[in-house]
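Please look at the sequence and the model below. A short report on selected local features comes after them.

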Amino acid sequence: MTVLYISFAHRSELRQAKRIVVKLGSAVVTRGDECGLALGRLASIVEQVAMLQNQGREMMIVTSGAVAFGKQRLRHEILLSQSVRQALHSGQNQLKDMSLPVLEARACAAAGQSGLMALYEAMFTQYSTCTAQILVTNLDFHDDQKRRNLNSTLHELLRMNIVPIINTNDAVVPPPEPNSDLQGVNVISIKDNDSLAARLAVEMRADLLIALSDVEGLYDSPPGTDDAKLLDTFYPGDQQSITYGTKSRVGIGGMEAKVKAALWALQGGTSVVIANGTHPKVTGHVITDIVEGKKVGTFFSEVKPAGPTVEQQTDMARTAGRTLASLLPEQRSEIIYALADLLTEKREEILSANKKDLEFAINSGRMPASMLKRLSLSPSKLNSLAIGLRQIAVSSQDSVGRVLRRTRVANNLDLEQITVPIGVLLVIFESRPDCLPQVSALAIASGNALLLKGGKEAANTNRILHELAQEALSVHNVRDAIQLVSTREEVEDLCRLEKMIDLIIPRGSSQLVRDIQRAAKGIPVLGHSEGICHVYVDHEASIDKVLKIVRDSKCDYPAACNAMETLLVHRDVLRTPLFDQIIDMLRTEQVKIHAGPRFASYLTFSPSEVKSLRTEYGDLECCIEVVDSMQEAVDHIHKYGSSHTDVIITENEETAEQFLQLVDSACVFWNASSRFADGYRFGLGAEVGISTARIHARGPVGLEGLLTTKWVLRGDGQTAADFSEQGSMKFLHENLPVNILGLFPV
């Protein structure tokens, strides 16, 4: 009975790989001069293999490098012997020019094999990992008895936690036959280390074959050409669309040989990834990244997804987004109005989908109450969403193409600065399905393409809301401008699409924002990682205002990023009726109090002392700390705050104005709750998030924050030379009036 082995269908499944073959190509192992080994590169690869081995995986290495190592040794020996002979022959110290003979590859392999193995053994010993050398030829696989012996030996080595290091026995192997290629499922000609690694992986029933070379992976056309695109995933039926380039700078295999070997291994049930093992920035973690399922190199899969890839979705969104930006403002408003109407018309379908998500989340028992609240939709929430969307539709009338500045540079040479969309936005949000229509409306109003990645806990709700957004976009044939990423893309992988995405906006926990900020490579991230908001109670504060503002700032929605986390109290407020009432109110609201160091020093029996003054509790908890003055409160906020929202409560206007001027946060309030830091409350209609960044947008980010500008110059044949000292023209630089409602077509 034949046992069928099936490869992994998705990258995320590679974490389950137990038995792994790592193939090191000649370009990976050897130096650029092809004489000697790339020791630093090899050391980092050995470290990764040893780490995976120590995790309990079974690692095997198929390595090149014996010829290069032997070439280095033989050259050294030949140069040494030639110099000795010439010195004896001439009796002089001056040596004639010496020329090296052409070194035969098999002789180099024979001279280099022992040294290569000794090097591997020394490197793996640093990680308490034992290795064993195995040299093979084609005959070892074609002779049944030899193949069984090889299989038995390898299994025994793996059982003893030893890393087998395998290479073709290049000292005796004949030159490859030109027409001896892959011959069906059961036979593969061992003519290079690519085919050896594939044959070995299938023979040993390996879960994963990692083939490292000197290219990033497989491209749809030769690397270096203008339109060449790296293929994230390659499917067996895609061979006809590939144009192969030249082979590697060393070795006897090229990319075509690698692909054929990879497809043969895939057919035998082994997953394959071809990646770059020579890039100095990634070599130190390329193997571990692949095993963790990250988007590195080209992954070979037999299962083709039903829908487009995320790269294809991004291309579709950008193309449709440019059409969206070119629509008239009234047409974009019509789309948003249509989406608002659909939220009302399709209410029952939306709530039914949301009910499924809620039931699944409750049954799983892993979602806290605060997240369940965010996940839940209701008729009133949908009505509020529809109202907010209609406000955005109204405000979008003068957004894209608005002239901000008009200058007459010279006669018949007018310059304008106009608003334009940013491009493609990636919005990543957790368990907040109401975020989807809000962000969609803002993207439509600002003419931006949109890529959405929602949490799996809201999958059903997100799906129907996205369908409604696309239905609304269809009114003006721009359906593809908003895409929902429903594939198994990891957030970190999406953050690497720097050539396709212009801005990332995370909506979720502070941990999510921090992870995205860390993972984003070359893409700006709009958001804040923490919401450590302060309320400072001055010694001239009104009792009524203090109680109302502190209660609302902390208790209205403790999980919100604009909730108060630290209450700063002026020293003179301590041991007063006002302070007693603050404490009583917080206890009544069941707020757990943590004492700051100075506050604790004033008390005989204090609450639990705070572990850190930089804590975002996100719950009915807060820290209380004492300061001597308004200036000390400002200093505390600058030291421990997150530049989000900070509040002063005082009746002294001069003190308040100083506080408003000195505090360097996105939002600074006087006698108002921190909960006002919200796009809807600011009259923005909706927000895509709150930014604590210093450039572009800051604070609650609405429609204006999703726009950038471009400069448009209208001339009459002028050149820069016309304005030189010898030229006939002079600069005017006259500011012209701007019709704020006059729009420029993008």
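Predicted model: local features only at pLDDT ≥ 70, side-chain atom pairs only at ≥ 80, totals over all residues.

Four strands make up an open sheet with antiparallel pairing, and their order is 23-10-9-24. The edges are taken by strand 23 (707-714) and strand 24 (734-736); each has a single partner strand, so one side of each lacks a neighbour in the sheet. Between neighbouring strands of this sheet the turn is 25 degrees on average, direction ignored. Strand 9 (residues 403-410) and strand 10 (residues 413-421) run antiparallel and are joined by six bridges. Ala410 has Leu413 of strand 10 as its bridge partner.

**Leu450**

Leu450 is part of strand 12 (residues 449-454). Its relative accessibility is 0%, and because buried means under 20%, Leu450 counts as buried. Leaving aside residues up to four places away in sequence, Leu450 touches Ala317, Leu425, Val427, Val439, Ser440, Ala443, Ala481, Ile482 and Gln483. One of these contacts, Val439, is eleven residues from Leu450 in sequence, with a C-alpha to C-alpha separation of 8.6 Å.

Gln590 and His696 each have a positive phi without being glycine.

| Residue | Phi | Loop between |
|---|---|---|
| His696 | about 65 degrees | strand 21 (689-691) and strand 22 (699-701) |

Is Gln590 buried or exposed? Its relative accessibility is 65%, so Gln590 counts as exposed.

How values were computed: Residues numbered from 1 in each chain as written. Heavy atoms only, no water. Pairing = 2+ DSSP bridges. Helix = DSSP H or I, 4+ residues; strand = E, 2+ residues; numbered from the N terminus. Axes fitted to C-alpha atoms, helices over the stretch in contact; angles between N-to-C directions. Buried < 20%, exposed > 50% of the residue type's maximum accessible area, 1.4 Å probe, protein only. Contact = heavy atoms within 4.5 Å.
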